Amino acid sequence: MNICILGAGAIGSLWACYLHNAGHSVSLWTRSSETSISLSLDERPPLVFPCNQESQLANADLLIVTVKAWQVESAIHPIISLLNPSCSIIFSHNGMGAVEAILPQISNHPVLFATTTHGALRKNKNQIQHTGHGQTIIGSLNNLADEQLDKLVEAFDLALPPALSDSNIGQALWNKLAINCCINPLTALNDCRNGELAAKDTLEIIDSLCFEIAMVINAEGFTCDNNELFTRTQQVIEATSANFSSMHQDIHHNRPTEIDYITGYLLQRALTHNIDTPMNKQLFKQIKQKEAQNDH
Ligand SMILES: NC(=O)c1ccc[n+]([C@@H]2O[C@H](COP(=O)([O-])OP(=O)(O)OC[C@H]3O[C@@H](n4cnc5c(N)ncnc54)[C@H](OP(=O)(O)O)[C@@H]3O)[C@@H](O)[C@H]2O)c1
């Protein structure tokens, strides 16, 4: 396939290298004016990718959008008209709500979402480290995508396994969002690694968060049992105990967080269903205060 990756950050560069190694023709689209970019994955010899070339975009069979949730709309908007209508678009970021805002403008394309637990670190502009092996779940966001799904999942699975298809991607995204609503804000506010959330008083807060989150997910027409969510969150805390969450890193490095698309999305949906979510509201407010302090 001809594949263009929008957003040559950690995850975008990781997939660029693996998809290239699997035999695809991969190009990148960044917000600079460079026409090629060299990427070295895990200290291997560098690969050189064409970059910001409109002809590559026009010929793309697949566009993979790997910018952060709050960057999605501004990143894709300028290039939509440059894409071939048959080009599939896969979004991959943490959180929910960002694609909904842009979906009407790309409804003539097959649109999909990929949620991944692979970890990647951009050491510098040209060096990427695959920090954690995970899995990728891909699902369709519109009917046009259904016939492309198997082919795209196979391509991802061959390049960076395992990749699986999910016919209910909405449920998979809520499952991930639910855990992110617990781990991300708490690690950022407590300035700690994931594992430190296993303390008794923090687990009590997580229990209340899970109760609120489960009510919203069920009201949205998906399933979630608050006790199961609590157990799953504890398992993730244990399995990733040495990690710093992405929100912790964003606050630590003075960058905007994805809170609007994680807890913010939950609060937005809770409001629609008239569900009270005081504990999540409080964490949202505290993260917003931290972001504002970082601005100064
Ligand atoms: N890294 C991980 O291990 C990991 C794992 C799972 C999920 N995720 C999720 O994946 C998403 C991406 O994360 P990441 O770690 O890869 O972030 P990242 O390293 O910050 O990558 C985002 C990239 O998007 C680029 N970008 C932003 N606006 C753009 C625009 N208008 N046009 C073109 N490029 C643009 C940025 O460019 P600049 O370089 O110019 O800033 C940056 O290179 C996030 O939602 C994250 O939560 C990450």
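Analyst: The answers below take up the terms one by one.

Analyst: This is a predicted model, in which local features need pLDDT of at least 70 and side-chain atom pairs count only at pLDDT 80 or more, while totals for chains, interfaces and linings use all residues. Residues are numbered from 1 along each chain as its sequence is written, and side-chain values use heavy atoms, with hydrogens and water left out.

User: How many residues surround the ligand, and which are the closest?

Analyst: A residue is near a molecule if one of its heavy atoms lies within 4 Å of it. On that basis 23 residues surround the ligand, and R31, N94, A120, R122 and E258 are the closest.

User: Which elements give two or more residues to the shell around the ligand?

Analyst: They are helix 1 (10-21) and strand 8 (119-124). Strand 8 provides the largest share, 3 residues. Helices (H or I, at least four residues) and strands (E, at least two) are DSSP runs, numbered from the N terminus.

User: How do the residues of the shell divide into nonpolar, polar and charged?

Analyst: The shell holds 8 nonpolar, 11 polar and 4 charged residues. Here Ala, Val, Leu, Ile, Met, Phe, Trp, Tyr, Cys and Pro count as nonpolar, Asp, Glu, Lys and Arg as charged, and the others, Gly among them, as polar.

User: Why is S13 called buried?

Analyst: Buried means under 20% relative accessible area, exposed over 50%, and partly exposed in between (1.4 Å probe, protein chains only). S13 has a relative accessible area of 0%, and therefore counts as buried. This residue is found in helix 1, and a polar atom of its side chain lies 3.2 Å from the backbone oxygen of A8. C17, also placed in helix 1, is buried because its relative accessibility is 1%.

User: Is T66 buried or exposed?

Analyst: T66 has a relative accessible area of 11%, so it is buried. T66 is found in the loop between strand 5 (62-65) and helix 3 (72-76), and its side chain reaches the backbone oxygen of G7 at 2.7 Å.

User: How do you know that the span of helix 8 agrees with what it should be?

Analyst: The expected span of a helix is 1.5 Å times one less than its number of residues. For the 14 residues of helix 8 (residues 226-239) this gives 20 Å, and the end C-alpha atoms are 20 Å apart, so the two agree.

User: Where do the buried residues of helix 8 lie around the axis?

Analyst: L229, F230, T233 and I237 are buried in helix 8. They cover an arc of only 100° around the axis, so they lie on the same side of helix 8. The arc is that of the directions from the helix axis to the C-beta atoms. E228, E238 and A239 are exposed on the other side of helix 8.

User: What makes the phi values of D191 and N274 worth noting?

Analyst: Most residues other than glycine have a negative phi, and most peptide bonds are trans. D191 has a positive phi near 50° and is a residue other than glycine; N274 has a positive phi of about 60° and is not a glycine. D191 is exposed, because its relative accessible area is 54%, and N274 is exposed, because its relative accessible area is 73%.

User: What is the peptide bond from P161 to P162 called?

Analyst: The bond is cis, with omega near -5°. P162 is found in the loop between helix 5 (143-159) and strand 11 (163-165).

Technical notes: Polar contact = N/O pair within 3.5 Å; in protein donor to acceptor, adjacent residues only side chain to side chain.
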